Each structure stands twice: as C-alpha cells, then as structure tokens.
Amino acid sequence: MADEQDAPSEDETDDSAAEPEGPTPVGVKLGSTRTVLQYVRDNEVTTVRTLTCLATFEDALTGEEQVLFGEQAAQEYPDKVEYMLRSGLPEDDERAELAAKFFNEVVASEGLDANSAVVYAIPTIDNEPGLENLNRVIEESPVGDALVRSFPESLCGAIPAFGDDLEAIDEVFAAVNMGSTNLEASAYRHGEQLSPFVSGAVTGNEVDRRIANAVEEETQGRVNIDLTTAREYKEEHADFDDFQPFTDVIQQPGGGAHEFTIERSVMEPLSDYVDDAVDEVANNFLAQLANDHMKPYQLALSKPIVLTGGMACIPGIVDVFEERLSAELDRDVDCIAADRPDLAPAEGARRIAERLID
C-alpha cells in the first residue's frame, strides 16, 4: 500500500510531461560582413557565425527557387551571391527583402521556432529608414513570439567584456565599436546611451582597401588582390604582438605561378587605422561627451573603455589602442575586450533575452 501511495498518479505524471518549455533566448547580430546568432537550448549554448549573404538558383528538376546562404553561397555562386547589408543596414525594400530571406534561412537551419525571445544588436547609425527595415526583418521573421527587443550593438558587445552576467548594465563606461562599415562610440550610464558617435571614415573595409593597395606597391605592381583576399590577409595574419611575414602564390595570366612574400602591407595599414581611430575617439567622441556630460565623462574614463567589433579581434590591438589613446589624452586609460569581440554582441543580446524571459 505504501508503494501505491508514494507513486505519482497517472494524472500527475501526464501534467508533468505536458509542462511546456519556456521560450528559447536568442541573440542576433546582423552584420555587414558576418552574422552571429546565439541561443540556448537544453541548457546548451549554440553559436552560429556565417557570412551575411545569400544566393538563389532554380532547382534543375522541379524548377522551384532554392536558397543558399553564408559560406556555401559565396563559394558555389560567387557570380550571383548577394551581400545585402554592405552599408550596415538594409537601405531599401529590395535589400530588406533579401535580408529577411537570409535571416529566415539562418533560423530555419537551426530549427528555431516562434517560441523564442529575440534580442538583436543594432548599430549606432543615424538612418531611420534603414533601422526600420532592420526592425521589420526581425519582427516579421518566424521567431520571437515571446518578445523582440533591440539594444545598441556596443552595449551588447560590452556585456561579455565586463563579466559572466549583465554587470555592464550597472556601470558608467564608454565603448568603441570597431566595425567593417563604421567606427562607433557611445557612453553608457546604467544602460542609457549617451553622446552616440559614428564615423564612416575609419572602417575595417577601408583597411582592406589599403591592404590591397599596399600589396600592389610592395610587390612593385606584380600582384593585385581583391578586397576579399585583403580581408583574409587581415583576419589570418594581422598581429600587433607577433606578426610574421607570409608567402602566397598567384597564377599568372599566361600560365605558371608567382610566389611573393608580404612583410609590410598588412600591419602598416592597420597601424594607420589605429592612429585614425584614436584621433576620432579622443578628439571627436570624447570631446563631445565631455561637453555634453562632464560627470559621466569623468566616470567613464576612470573605468575600462570596451572595444567591440571585428577589428577588435586582431591580436594585440587592444593594448596598442590603449597605449596610443593614453598618449593622445595625456592620461592613463584602460581598454578591454571580450575574448571574442566578433561574437560578443550576439552573446550580450542573448544574455539580455534570458534576463527578460526571467
């Protein structure tokens, strides 16, 4: 009898089994070059990092449209692939439609559904139509029935740099987002954005162009590389701590191969980039912050400045930026970054989604 009393009733067992799972927290960063998606399912964090591009083709058997995205699209259809966020945002209806198709394919490939809470990182750009298009891409997607919210990209990217929770929301600090299409900077006071600043003159894309030009100059005109190759050189070889010259091979138009060595063409453009970024941050952003909000300015400089974005992934760049910014300001400043600055905005957005669900 005791065993029968201790055993759960059939109704109790069924109720337990039928208990619904909570929404899946999802963090999203739709980037001009790469998109990062991070979500938690069954207590396991999954991170998806892919090129922000897609290609469509007609199925040879059925005639139906097929869609590829990311690296597969870029490799298999280099002549047709579409990078719809090159400027950082979907500028018009056509770009918004392509971005929506891309994002829907990404979430479908991960099996994400409507029972999810989506937080997405948005760039600091004064472009209302583009931001509205980005909002529409996310809000009209198959995910996010529980909630859809947006937060500044540099705030989301700073969250993993400060710790394992949401400590950044409780701080007064400054963040610099070193992206492909813009250099962005903002101060934050308990999550409130202060004196947002954007410069399109200092960008990762401009570094790629400078590297391509420098390679042609260093090889005395014998080698011309495209911007994709220049970006690969930057991502694979750039290192402020221990750069090593490297060799590559190109095929000659008339046959045969030409091997060449790169010694200066990567790090010199990157050193110039840091100088330009320091100048913009010190003499434009921080000067404006001091003018608008003196007390938060003083508090922010007493805390580490957070570097986010793809350019912050280059080994040693945080220390070099810190050293040169300190010299420019004539005072000691500290700079920090997350372990993976390229993934940090999606991770921070996912953590916010988890908190909002709770």
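Helices (H or I, at least four residues) and strands (E, at least two) are DSSP runs, numbered from the N terminus. The model on screen is a predicted one, in which local features need pLDDT of at least 70 and side-chain atom pairs count only at pLDDT 80 or more, while totals for chains, interfaces and linings use all residues. Residues are numbered from 1 along each chain as its sequence is written, and side-chain values use heavy atoms, with hydrogens and water left out.

Of its 358 residues, 48% count as buried, where buried means under 20% relative accessible area, exposed over 50%, and partly exposed in between (1.4 Å probe, protein chains only). If contact is taken as heavy atoms within 4.5 Å, then 65% of the contacts between residues at least 6 apart in sequence join residues at least 24 apart.

Next, select His190, in the loop between strand 9 (183-189) and strand 10 (192-199); the phi of His190 is near 50°, a positive value in a residue other than glycine, and His190 is exposed, with a relative accessible area of 53%. Then move to Asp42, in the loop between strand 2 (34-41) and strand 3 (44-51), which has a positive phi of about 55° although it is not a glycine and counts as exposed at 63% relative accessibility.

Turn now to the aromatic rings. Rings of Phe, Tyr and Trp (its six-membered ring) pair if their centres lie within 6.5 Å, with planes under 30 degrees apart counted as stacked, over 60 as edge-to-face and the rest as tilted; the structure holds seven such pairs. Select Phe57 and Tyr77, whose ring centres are 5.4 Å apart with planes at 15°, so the pair is stacked. Because Phe57 lies in strand 4 (residues 54-58) and Tyr77 in the loop between helix 3 (70-76) and helix 4 (93-109), the pair ties together parts that are 20 residues apart in sequence. Phe57 counts as partly exposed, at 24% relative accessibility.

Finally, select helix 6 (residues 153-162), where nine of the ten residues are buried, so the helix is largely enclosed by the rest of the structure; among the buried residues are Leu155, Cys156 and Ile159.
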